[in-house]
Structures are given as C-alpha cells and as structure tokens.
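Please open the structure in your viewer and keep the sequence beside it. This tour moves from one selection to the next and says what is there at each stop.

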Amino acid sequence: METEPGLDTEPGADEETEDRKLTPRQARRLRMVLSSVGMAAMAVVLALRIASRSSVLVVGVYGLALILCGIVIELSRNGRTRLGSWLLAVGLVAAIGSDWLLIP
C-alpha cells in the first residue's frame, strides 16, 4: 500500500506536536504566573536583606525588581509576552547581579 509523499503514515502525528505548543492565552497566563512568583520571591529576599542589613541600596534594587515584575504582569495582560519574557529575564538577572556586585 503506497502513500502519497508528504502525508503522515500515522494519523494524529501533527496533533501531538500542535498540543505541545502554548496558545497565546496560555502563554500570557504562564508569564503572569512566573512574574507573580518572581515578585513574591523578590519580596521575600527584600525582607530578608532588610533584616540582615538595612540599606537604601537594598531597597532600591529589590524595589525596582518588584516594579519590573508588575510591569511584566501588565505587559502579559496586554499580549506582549515576548517583550515581557525578555524584560523579566534581563531585569531579574540585573537585580541579582547588582545585589552580588554592588551591595556589600
């Protein structure tokens, strides 16, 4: 039995690959959840850092990280998930890096 070129021999093979991709709504919700988790983590780290050493620089770095997470949540709500992804990744790495480099 011959099949035409370009046709899959297994029905549903394309359906499996399509099921693995996120829909735009799922991507937005995932980004919002990740930003919320990042915001909660930054709040906990901010509280711990203030308890160990109170500094305006600590509040500034982690305060900006909290604001960044809020901006990413709002961007995700408006459908700008790629921009939000890059902004969240770069911003959190910058916050952690500046904590490591700037704060004694």
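Begin by selecting Arg 77, which is exposed, with a relative accessible area of 52% (exposed means over 50% relative accessible area, buried under 20%, and partly exposed in between, with a 1.4 Å probe and protein chains only). Before going on, note that this is a predicted model, in which local features need pLDDT of at least 70 and side-chain atom pairs count only at pLDDT 80 or more, while totals for chains, interfaces and linings use all residues. Residues are numbered from 1 along each chain as its sequence is written, and side-chain values use heavy atoms, with hydrogens and water left out.

The side chains of Glu 74 and Arg 77 meet in a salt bridge, 3.0 Å from N to O (a side-chain nitrogen of Lys or Arg within 4 Å of a carboxyl oxygen of Asp or Glu). These two residues are separated by about one helical turn, because they stand three residues apart in helix α3. A search of the whole structure finds one salt bridge.

Next, select Ala 65, which lies in helix α3, residues 56-77 (helices are DSSP runs of H or I, at least four residues long, numbered from the N terminus). Is Ala 65 buried or exposed? Ala 65 is buried, with a relative accessible area of 2%. Not counting residues up to four places away in sequence, Ala 65 touches Met 42 and Ala 95, where contact means heavy atoms within 4.5 Å.

Then move to Ser 98, which is found in helix α4, residues 81-102, and counts as buried at 16% relative accessibility. Leaving aside neighbours within four places in sequence, Ser 98 is in contact with Val 61 and Ile 103.

Finish with Leu 101, which also lies in helix α4 but counts as exposed, at 63% relative accessibility.
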